[in-house]
Amino acid sequence: MGREFVDIFDDWADSYEASVSGKDPEYRDVFEGYEKILNKVVSSVSGTVIEFGTGTGNLTAKLIEAGISVIGIEPNIKMRHATATRFPSIRVIDGDLLQFEEGTERIDAFVSTYVFHHLTDDEKREALQKYAALLSTNGKVVFADTAFISKDAKLAQIAKERARGFHHVADDLEREYYTTIPILTKLFDEAGFQVHFTKMNDFVWLMEAEKI
């Protein structure tokens, strides 16, 4: 369910802002163009959205500023507290990409940044089918996350990071469930979405999918 990685964020909760702002050289390339990535997600949705993995609330802030109604889903206690404290007017509830309180609101989109890789490919399939069942026609899934053109491209990136001495990044790529664009295309298609991918940096792709 992706919760096997929740405890990692206990330590990262205090240093996350330094990472996304480029102050941590090891993660600088991963978060290159971070503000642009967040803005692209926000500009792709409207109405009421469920945001998975609110973290410290960076995407949440931009969604609220854009007049979008946000329901936050965050499995890590420290991260959930950070977002709830920062935005007391919204609901930030315990949950993950697969297990979350559905509520009674009409949901226009599901959004996240740097989160979808916490699911295996089989779990990604299950999640997308669940989102499709909850969305009306033209509802959206807009995720930004690390993905690769092919398995060989992923292996090449891992080798590059090892050669640079960036072993934390390489370990992340080997440990978590980063997948490929062809697999993601198939999973979105099977769930009834039309998906478009935009490369945002050497790691991150924007996945904008519309229910058809």
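I take buried to mean under 20% relative accessible area, exposed to mean over 50%, and partly exposed to mean anything in between. I keep in mind that this is a predicted model.

**Entry 1: N138**

I applied the cut-offs to N138 first. Its relative accessibility is 49%, so N138 counts as partly exposed. I found N138 in the loop between α6 and β5. I also looked up its backbone: phi is positive, about 80 degrees, although N138 is not a glycine.

**Entry 2: the whole chain**

I then stepped back to the protein chain. I counted 9 helices and 7 strands in it. The radius of gyration is 16 Å, close to the 17 Å that the globule rule gives for 212 residues, so the chain is as compact as a globular protein of that length. Along the principal axes, the C-alpha atoms fill a box of roughly 50 × 40 × 30 Å.

I noted that 54% of the 212 residues count as buried. The chain exposes about 9600 Å², and carbon and sulfur atoms supply 51% of that area. For contacts between residues at least 6 apart in sequence, I found that 66% join residues at least 24 apart. I recorded 24 positive and 36 negative side chains, with the centres of the two sets 3 Å apart.

**Entry 3: helix α6**

I looked up α6, which covers residues 121-134. Its 14 residues reach 20 Å from the first C-alpha to the last, close to the 20 Å expected at 1.5 Å a residue. Which residues of α6 are buried? I listed E123, K124, A127, L128, Y131 and A132.

**Entry 4: L135**

I placed L135 in the loop between α6 and β5, the loop that also holds N138. Is L135 buried or exposed? Its relative accessibility is 4%, so L135 counts as buried. Leaving out residues up to four places away in sequence, I found that L135 touches I107, D108, A109, F110, K140, V141, F193 and K211. I also checked D29, which is 106 residues from L135 along the chain; their C-alpha atoms are separated by 34 Å.

**Entry 5: F193**

I followed the contact from L135 to F193. F193 lies in strand β6. With a relative accessibility of 2%, F193 counts as buried, because buried means under 20%.

I looked up what F193 touches, not counting residues up to four places away in sequence. The list includes L128, Y131 and A132, which are buried residues of α6. F193 also touches L135, G139, V141, F188, A209, E210, K211 and I212. From F193 to Q129 I noted 64 residues in sequence and 9.4 Å in space, C-alpha to C-alpha.

**Entry 6**

I turned to α4, residues 58-65, and found it mostly covered, with 6 of its 8 residues buried. The buried ones are N58, L59, T60, A61, K62 and L63. Just after α4, G67 takes a positive phi of about 80 degrees.

I ended with Y114, in the loop between β4 and α6. Its phi is near 60 degrees, a positive value in a residue other than glycine. At 10% relative accessibility, Y114 counts as buried, whereas N138 counts as partly exposed.

Key
Residues numbered from 1 in each chain as written. Predicted model: local features only at pLDDT ≥ 70, side-chain atom pairs only at ≥ 80, totals over all residues. Heavy atoms only, no water. Helix = DSSP H or I, 4+ residues; strand = E, 2+ residues; numbered from the N terminus. Rg over C-alpha atoms; globule rule 2.2 N^0.38 Å. Buried < 20%, exposed > 50% of the residue type's maximum accessible area, 1.4 Å probe, protein only. Contact = heavy atoms within 4.5 Å. Areas by Shrake-Rupley, 256 points an atom, 1.4 Å probe, with all protein chains shown as cover. Lys, Arg positive; Asp, Glu negative; His and termini not counted. Charge placed at Lys NZ, Arg CZ, Asp CG, Glu CD. Expected span 1.5 Å × (residues − 1).
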